[in-house]
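Work through the exercises below with the sequence and the structure at hand, and try each task before you read its solution.

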Amino acid sequence: MTTNVLLETRKMGVSFGGVHAVKEVDFTLREGELRCLIGPNGAGKSTFFKMLSGQVTPTRGECCYREQVISGKRPWEIARLGIGIKTQVPSVFEGLSVRENLWQAAANKLAKAALPAAIEQVLEDIGLVDLQHAVLSELAHGQRQWVELGMILISKPQLVLLDEPAAGMTHQEVRKTAQLIKAINQQSTVVVVEHDMEFISMIAQQVTVFNQGAVLAEGSFREVTQNPRVKEAYLGNLEIKHA
Ligand SMILES: Nc1ncnc2c1ncn2[C@@H]1O[C@H](COP(=O)(O)OP(=O)(O)O)[C@@H](O)[C@H]1O
Ligand SMILES: [Mg+2]
C-alpha cells in the first residue's frame with residue numbers, strides 16, 4: 001500500500017442560505033485507505049460526500065483529486081476521473097436483470113471479450129449467481145444494494161464513495177456488505193459514510209468524525225470511540241464492541 005495522497009480538501013465548505021452545512025474542512029485521503037465518516041444526524045456527512053462527488057458545489061475552499069482541483073466540476077466529469085459513487089438511493093436499472101445491470105456498468109469500461117468472465121466473478125462476489133436473471137424490481141432491499149456494489153466492483157474505480165451502504169439491512173446483510181466493501185478496498189480506495197457503529201467496527205481502519213459541519217476527531221476506530229469529545233457529541237451511552 002502506498003501513502004500517496006489521493007484526495008485532499010482545503011478549507012472546503014458549503015452554506016445553504018444561512019446554514020453552514022459544512023464549515024471549513026481539511027481532509028486528506030491516501031491511496032488504498034478505507035475511510036469511514038461518522039457523526040450524528042445533520043453533522044454534514046452527506047453534504048461533504050456530495051461535494052467530493054460533484055453533486056454539491058462548495059461555496060468555499062477546494063477539493064483536489066490527484067493534485068487536480070475537482071471542486072466545481074460536474075458529477076459526470078468527476079466520475080470520468082475514476083471516482084465511483086453509491087448514494088443513499090441506489091442507482092440501478094429497475095427493468096433490467098442483475099446480470100444486465102452489471103453488463104451496463106462494465107460495458108464501456110472493459111473490453112467486450114473480458115465482460116462475461118468479469119460478470120461471473122462479480123456475481124459470485126455479491127452472492128447473486130442464482131438470481132442473475134431476476135429483474136431488479138423483484139429483489140429485496142439488501143440484494144439491490146449488493147447489485148449496486150457489484151456495479152462498482154466491476155468498473156474498478158480508483159476511488160469509491162459510499163453513502164450509508166448498510167442502511168436498512170438486517171444483521172446478516174450488514175456482515176455481507178462489510179465483506180463486500182473490504183473486497184472493493186482490495187482494488188480501490190474507499191470512503192464510507194455510515195452511522196451503524198457495528199458495521200463501522202467490521203470495516204473501519206481510519207475514522208473521521210463529523211459534528212456540526214466540522215471534523216471533531218480522526219483516528220483508528222478504537223481511538224475515536226474512546227475519545228471523550230466524540231462520546232459526548234455522538235456516541236453518548238452507546239456501547240461499542242471492539243472487534
Ligand atoms: N440542499 C440543502 N438545503 C438546505 N440545507 C441542507 C441541504 N442539504 C443539507 N442541508 C443541511 O445541512 C446539514 C447537514 O446535512 P447532511 O449533510 O445531510 O447531514 P448528515 O448526512 O451528517 O446527516 C443539515 O442541517 C441539513 O439540514
Ligand atoms: Mg446523510
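**Exercise 1.** What distance separates the centres of domain 1 and domain 2, taken over C-alpha atoms?

*Solution.* Keep in mind that this is a predicted model. Start with the bounds: the domain assignment gives domain 1 as 1–82 + 158–243, and domain 2 as 96–156. Next, taken over C-alpha atoms, the centres of domain 1 and domain 2 are separated by 25 Å. The contact between these domains draws on 13 residues from domain 1 and 11 residues from domain 2. On the side of domain 1 that touches domain 2, helix H6 (residues 171–187) provides the largest share, namely seven residues. Sorted by class, that side of domain 1 has six nonpolar, five polar and two charged residues.

**Exercise 2.** Find which element gives the most residues to the shell around ligand 1.

*Solution.* First list the residues around ligand 1, among them Phe16, Val19, Gly42, Lys45 and Thr47. Then look for elements that supply at least two residues each, which are strand S2 (19–30) and helix H1 (45–53). Of the elements, H1 gives the most, with three residues. By class, the shell holds four nonpolar, six polar and one charged residues.

**Exercise 3.** Decide whether Val5 is buried, partly exposed or exposed.

*Solution.* Begin by locating Val5, which is found in strand S1 (residues 5–16). Val5 has 14 other C-beta atoms within 10 Å, and therefore counts as partly exposed, because a buried residue would need 20 or more and an exposed one 12 or fewer. Finally, leaving aside neighbours within four places in sequence, Val5 is in contact with Thr28 and Arg30.

Technical notes: Residues are numbered from 1 along each chain as its sequence is written. Chains are lettered from A and ligands numbered from 1 in the order in which they are written. This is a predicted model: local features need pLDDT of at least 70, side-chain atom pairs count only at pLDDT 80 or more; totals for chains, interfaces and linings use all residues. A residue is near a molecule or strand if its C-beta atom, placed from the backbone, lies within 6 Å of it. Helices (H or I, at least four residues) and strands (E, at least two) are DSSP runs, numbered from the N terminus. Ala, Val, Leu, Ile, Met, Phe, Trp, Tyr, Cys and Pro count as nonpolar, Asp, Glu, Lys and Arg as charged, and the others, Gly among them, as polar. Domain bounds come from an automatic or database domain assignment. Two residues are in contact if their C-beta atoms, placed from the backbone, lie within 7 Å.
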